[in-house]
Amino acid sequence: MNVHDHFTRQERRLQCPASGWRRELYIIIFESDTPTGKLFDIGLLIAILVSVAVVSMETVSSVADRYSWYFQALEWSFTILFTAEYLVRLSCVRKPQRYMFSFWGLIDLCSILPTYIFYLAGSHFASVAMVRSIRLLRVFRVLKLLRLMSEADVLYRSIWDSRGKIVVFLFTVVIAVTLSGTLMYQVENFDDHLNNRAPSSSFDSIPQSMYWAIVTMTTVGYGDVVPKTTAGKIISAVLILLGYSLIIVPTGFVTARLSETVHARDRLGNRALADENDDDELKTCQRCGRDDQPSDARYCNQCGEPMPREEE
């Protein structure tokens, strides 16, 4: 089950009213298939974007001090607008309580609560109101980018199916970080250990050295902890090269699994289309062996190999 299907079924369980103004209002607000519904969703999206921009600009002290009153007025205007939208949504569904505790219902509620909470608490507006940005998820329905939601599910499944390899990879990284951090601690404090002195280098503990190893392996390199000895610099160079080589490892097997998942989905789609058209003569590609090619296919939809034509 993908994310979009889950939330679509969740909204269908709200049961659109059978007739009357509530049904018409439901279609406008919850559907984006009609011109009015698209206009409503696009207007709502613009309001969300502007409200997020207002809250963001309010955190800039030079701007907030000069336009404080305008920011508060705009914040209350958007809060009242989103409150009205939330109440209208509750009024046009058959079971308001179910919508109230649904995913989108909770998101709608969370988008208006911060302003009221800060007002009742006597505090100023804060960036917590940025929770409204979550509502931008509706852009997928407004612009009909439903494929993005399904592709996100494919990516999630690919990563989940590769979880065993990912865990092994992470354990390998942890082992490399532990060994290199411990080795760097010993190398950088070798003279201090010989003379029974406290570590005088920036590698004053193994956890600190492991922190350096993580920063170095990920090629971030903050520069707050750097080796001073020649041996330490050699270890640092080796660790950087190791980090570059390890970066491509999870990408490889996740990409391979993603390709398998997409091909499996395409095969199921081709077979379903063949069943729908009563097409029992699926072709098999002689090059890659894919056996779900439609009977009228001229090229393999996986490798591009020309398909054999039927003799007339």
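A residue is called buried when its relative accessible area is under 20%, exposed when over 50%, and partly exposed in between (1.4 Å probe, protein chains only). The model on display is predicted, so local features need pLDDT of at least 70 and side-chain atom pairs count only at pLDDT 80 or more, while totals for chains, interfaces and linings use all residues. Residues are numbered from 1 along each chain as its sequence is written, and side-chain values use heavy atoms, with hydrogens and water left out.

**The whole chain**

Begin with the protein chain in a cartoon view. Its secondary structure consists of 13 helices and zero strands; helices (H or I, at least four residues) and strands (E, at least two) are DSSP runs, numbered from the N terminus. Of the 312 residues, 32% count as buried. Contact means heavy atoms within 4.5 Å. Among contacts between residues at least 6 apart in sequence, 56% join residues at least 24 apart.

**S102**

Next, select S102, in the loop between helix 6 (96–100) and helix 7 (103–121). Is this residue buried or exposed? S102 is buried, because its relative accessible area is 5%.

**S201**

Move on to S201, which is located in the loop between helix 11 (190–194) and helix 12. S201 also counts as buried, because its relative accessibility is 18%. Show the side chain of N189 as well; a polar contact of 2.7 Å joins it to the side chain of S201. A polar contact is a pair of N or O atoms within 3.5 Å; within protein, one must be able to donate a hydrogen and the other to accept it, and residues adjacent in sequence count only if both atoms are side-chain atoms. Leaving aside residues up to four places away in sequence, S201 touches E188, N189 and D192.

**The second largest pocket**

Finally, select W212, T216, G221, Y222 and V225, which lie nearest the centre of the second largest pocket among its 15 lining residues. On a 1 Å grid over the protein atoms alone, a pocket is an open set of points where a 1.4 Å probe fits, with protein on both sides within 12 Å along at least five of seven lines; lining residues have an atom within 4 Å of a point.

Which helix gives the largest share of this lining? Helix 12 does, with four residues. Colour helix 12 (206–217) and helix 13 (230–276), each of which supplies at least two lining residues.
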